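Subject: Structure for your review

Dear colleague,

Please find the structure below, together with its sequence. My notes on it follow.

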Amino acid sequence: MTAPVGKPPGKPPVVPYIACWSSEHRPQGTLIVRGGGIAYADEGPYERDDLGVLWKRVGISPGKGRPEFGNVHFLRQRRAMRKLLCQICGGPSDRTDNGTLWIVGEDADYPELHKPGFVTTHPPLCVPCAVASVGACPHLRKRHVALRVKTFVVAGVHGVVYQPNGILPVMYEAGGVAFESRRLPWVLAGQLIMELQEFTVVDLDAEHAAYLKRTEARSQIFGARLKRASQ
C-alpha cells in the first residue's frame, strides 16, 4: 500500500481505501487442524473464498477510529484486486488500450521486473492518485516505476502458513502461496497476490498529461451534448 496522499498544511491526509481503521480489528479465534488443513473452531459460512482459502477475520467500519496507514484491510484489498479498483480512492483504476496502471516501488532496472511474472500485493491506481502518491510517499519519491499492464492474473495469497502439531496448528512462516500449492489449505490469508504478466514501463508524467487531455476532451463532449439537450 502506498503512503497517504498529501494534502495542504492543516488538512488531514487522505486515507487509502485499503487502509485499516482501529475500529476494524477483530479477534482471530482459535485455529484447529481439520480435513488436511486449518479451520476456525467456530468457523462461519463466509470465512473462506470461492477456492476454499481461509481468510483472516476483520471488521468493516471504515472512517471510525484512527486510520492505520501501515495496515491493510484484508477485504478491501481483496475487493480492489478483484475489481481493479484504485487502492487510494476506491474508484476505478485507470485503464487504457495500453493496459491498467500500476505503481511499483522499485527502480526500473530491478531484476524481477525483467522476468516473466512480476507479483505484487498492491492493487492498481487511477492516474490522479498515482501522481499524488508518488509525491507524498517518501519511499516512492526515492524509487518507483509506473507500469501499463495488459495481462495479469490473481495468482495466490499472502498470509501466515501453518503446519500440523496435533489438534492445533503452529505457525511455520509468513509469505506468498500460489493457488496451485499444496500448502494452500494451511495458509491464513491476508492479501491477494496479482501476477503481472505482460506490461510496459511508462512515464508517469506523460500518463498524467494524457489523462488530463482525455478528461478535457470528455468534458467538452458531454458539455456539448448537455447544451444541445437543453435547447
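How many bridges join S7 to strand S9 (residues 145-163), and do the two run parallel or antiparallel? Five bridges join them, and the strands run antiparallel. Helices (H or I, at least four residues) and strands (E, at least two) are DSSP runs, numbered from the N terminus, and two strands pair if DSSP finds at least two bridges between them.

Before going further, please note that this is a predicted model, in which local features need pLDDT of at least 70, side-chain atom pairs count only at pLDDT 80 or more, and totals for chains, interfaces and linings use all residues. Residues are numbered from 1 along each chain as its sequence is written, and side-chain values use heavy atoms, with hydrogens and water left out.

Confidence

The mean pLDDT of the chain (the predictor's confidence in each residue, from 0 to 100) is 90, and 90% of its residues reach 70 or more. Confidence is highest in S4, at 98, and lowest in helix H4 (residues 204-230), where the mean is 79.

Strand S7 (residues 99-104) is largely enclosed by the rest of the structure, because six of its six residues are buried. Buried means under 20% relative accessible area, exposed over 50%, and partly exposed in between (1.4 Å probe, protein chains only).

S6 and S7 form a hairpin, with two residues between them. Threonine 96 has glycine 99, in S7, as its bridge partner.

Glycine 99 is itself buried, at 7% relative accessibility. Apart from its neighbours within four places in sequence, glycine 99 is in contact (heavy atoms within 4.5 Å) with Asp94, Arg148, Val149 and Lys150. Of these contacts, valine 149 is 50 residues away in sequence, yet the C-alpha to C-alpha separation from glycine 99 is 4.5 Å.

In helix H1 (74-83), the residues Phe74, Arg76, Gln77, Ala80 and Met81 are buried. Their cover includes strand S1 (19-21), strand S4 (54-55), strand S5 (67-72), strand S8 (118-120) and strand S11 (187-202).

Although not a glycine, leucine 84 has a positive phi of about 55°. Leucine 84 is also buried, with a relative accessible area of 11%.

In helix H2 (residues 127-136), Val127, Cys129, Ala130, Ser133 and Val134 are buried. Seen down the axis of H2, its buried residues fall within an arc of 160°, so they line one face of the helix. The arc is that of the directions from the helix axis to the C-beta atoms.

Cysteines

The structure holds zero disulfides (a disulfide being a pair of cysteine sulfur atoms within 2.5 Å). Cysteine 89 is in no disulfide, and the nearest cysteine sulfur, that of cysteine 86, is 3.8 Å away. Cysteine 89 is partly exposed, with a relative accessible area of 44%, whereas cysteine 20 is buried, at 4% relative accessibility.

With kind regards
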